[in-house]
Amino acid sequence: MFDGIGSMDDVYSVRSPNDVRYGMGAVNELEAFVGERGYESALVVTDADIVGAGAADPVFDVLEDADVDVTTFDGVKPEPKLGMAESAAAALESADADFVVGLGGGSCMDTAKLAGVLTEHDVPVRDLLGMGNVPGAGRPTVLVPTTAGTGSEVTHIGVFADEADEDNKKVVYSEHLFGELALVDPELTRSLPAGIAAATGMDALSHAVEAYVSTLRTPFTDTLARRAIELIGESLREAVHQGAHNDDARYRMSLAATMAGQAFVNSGLGAVHALTYPLGVEYGIGHGRANAVLLPHVMRYNAPAEPERLADVARLLGVRERDDETTLELARRGADAVAALNDDIGIPNHISELGDIDESEFEGFADVAFEHSQHNVDRNPRAMDRDDVIGVFEAAY
């Protein structure tokens, strides 16, 4: 059972951005931030849909009030490519802006992070790939999510497709990718379409659950992950179905997503994120949607290794214990609760419902998962070999 303390004999490390400001209207904090630092110009990195929907207007309004000269780069697309970050960096260099605002979902925020680094360091973008290869701090970055899911506003990670190797995603990990400021304003999520609210919300749940059972978990990540799971269980359905009409649900989901992001950046993830990798690469299935489909199946696989913790997940999701059931049975009902949540928000629970995917491909999927996401397999609480991974894919099919 969770005690929230951990071992007094261990020393735990916590990674975090410099400043996180959260709440309705938090975007207005940007004016004081700019004034304190004397910034006079900004590049806003976003996508055309966000600008077209008016979701970027509150940020533009605050920057205008702060007398900041704004240049907009709205060329970010889902599953961003390295070339996109290079284009954003070129726009930043051309504008010679004092700081960068990453405004949108994870794609926009990741692109802004990398653009800020590329502008300050004359190195080929592919030299930055992997762990700890960023030579130093980039242009100051402010990260402003318009979704409730990726947690990118509080991570030191950027995920990109590589035009030179289109079959694989590439990741940049560096403390220098942390934003100088994260502004988490639930008001900016009001215009989220239901499908995106569902997928990003389940992305946040997968972050929280995997952080809670990760082999690298700490008391710090446990506390964040538990509360995030609870908030998502309470609020995701309403955030999806009631949209802009339920600010309470939006508020809770934004909080949960940011908490889950801070949890997983410190604990690592697990098999869900390893196994979704080939679905995204091979079939272009959105990251949050793929996570949602695989999460209950990976939870069932992991239940024998972490029955207490996954039973705890069940309780946090509102599952009531039965007098005659074992901890393992409750843990498995936690996976059922996740599947029921998927059903309620319009996300399928089987790979076969995601597209024209054949079971014969699962051996290749397993190879991709191990080749490109071994670190996530290693942090999974139950060991997995190639046959185990194929077995989870088959169970999820």
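Val-20 stands opposite Ala-182 in strand β9. Strand β1 (residues 20-22) and β9 pair in the parallel sense over three bridges; two strands count as paired if DSSP finds at least two bridges between them. This is a predicted model, in which local features need pLDDT of at least 70, side-chain atom pairs count only at pLDDT 80 or more, and totals for chains, interfaces and linings use all residues. Residues are numbered from 1 along each chain as its sequence is written, and side-chain values use heavy atoms, with hydrogens and water left out.

**Strand β9 and its partners**

- Helices (H or I, at least four residues) and strands (E, at least two) are DSSP runs, numbered from the N terminus.
- Strand β6 (residues 141-145) also pairs with β9 in the parallel sense, over two bridges.
- Leu-143 has Ala-182 as its bridge partner in β9.
- Strand β9 covers residues 181-184, and both of its faces are covered.
- Leu-181 and Leu-183 are buried on one side, Ala-182 and Val-184 on the other.
- Buried means under 20% relative accessible area, exposed means over 50%, and partly exposed lies in between (1.4 Å probe, protein chains only).
- In a regular strand the side chains alternate between the two faces of the sheet.

**Salt bridges**

- The structure holds 24 salt bridges, each a side-chain nitrogen of Lys or Arg within 4 Å of a carboxyl oxygen of Asp or Glu.
- Side chains of opposite charge can pair when their charged atoms come close.
- Asp-162 forms a salt bridge with Lys-170, and their closest N and O atoms are 3.2 Å apart.
- Asp-162 is buried, at 4% relative accessible area.
- A network of salt bridges links Arg-126, Asp-162, Glu-163 and Lys-170.
- Arg-315 and Asp-312 meet through their side chains in a salt bridge (3.7 Å, N to O).
- Arg-315 and Asp-312 are three residues apart in helix α11 (residues 307-316), so about one helical turn separates them.
- Arg-315 is partly exposed, with a relative accessible area of 24%, whereas Asp-312 is buried, with 5%.
- Arg-386 and Asp-367 form a salt bridge through their side chains (2.7 Å, N to O).
- Arg-386 lies in helix α14 (residues 386-396) and Asp-367 in helix α13 (residues 362-378), so this pair ties together parts that are 19 residues apart in sequence.
- Arg-386 is partly exposed at 33% relative accessibility, and Asp-367 is partly exposed at 38%.

**Negative surface patch**

- Glu-31, Asp-57, Asp-61, Glu-64, Asp-65 and Asp-67 form a negative surface patch.
- Patch residues have over 30% relative accessible area and no salt bridge, and like charges are joined within 9 Å.
- Helix α3 gives the most to the negative patch, with four residues.
- Asp-61 is found in helix α3 and counts as partly exposed, at 42% relative accessibility.

- Asp-67 is not a glycine, yet has a positive phi of about 60 degrees.
- Asp-67 sits in the loop between α3 (57-65) and β3 (69-73).
- Asp-67 is exposed, with a relative accessible area of 66%.
- Glu-79 is not a glycine either, and has a positive phi of about 55 degrees.
- Glu-79 sits in the loop between β3 and α4 (82-95).
- Glu-79 counts as partly exposed, at 33% relative accessibility.

Methods
Patches are made of residues with over 30% relative accessible area and no salt bridge: like charges are joined within 9 Å, nonpolar side chains (Val, Leu, Ile, Met, Phe, Trp, Tyr) within 5 Å. Accessible areas come from the Shrake-Rupley method with a 1.4 Å probe; for residues, only the protein chains shown count as cover. Lys and Arg count as positive and Asp and Glu as negative; His and the chain ends are not counted. The place of a charge is taken as NZ of Lys, CZ of Arg, CG of Asp or CD of Glu.
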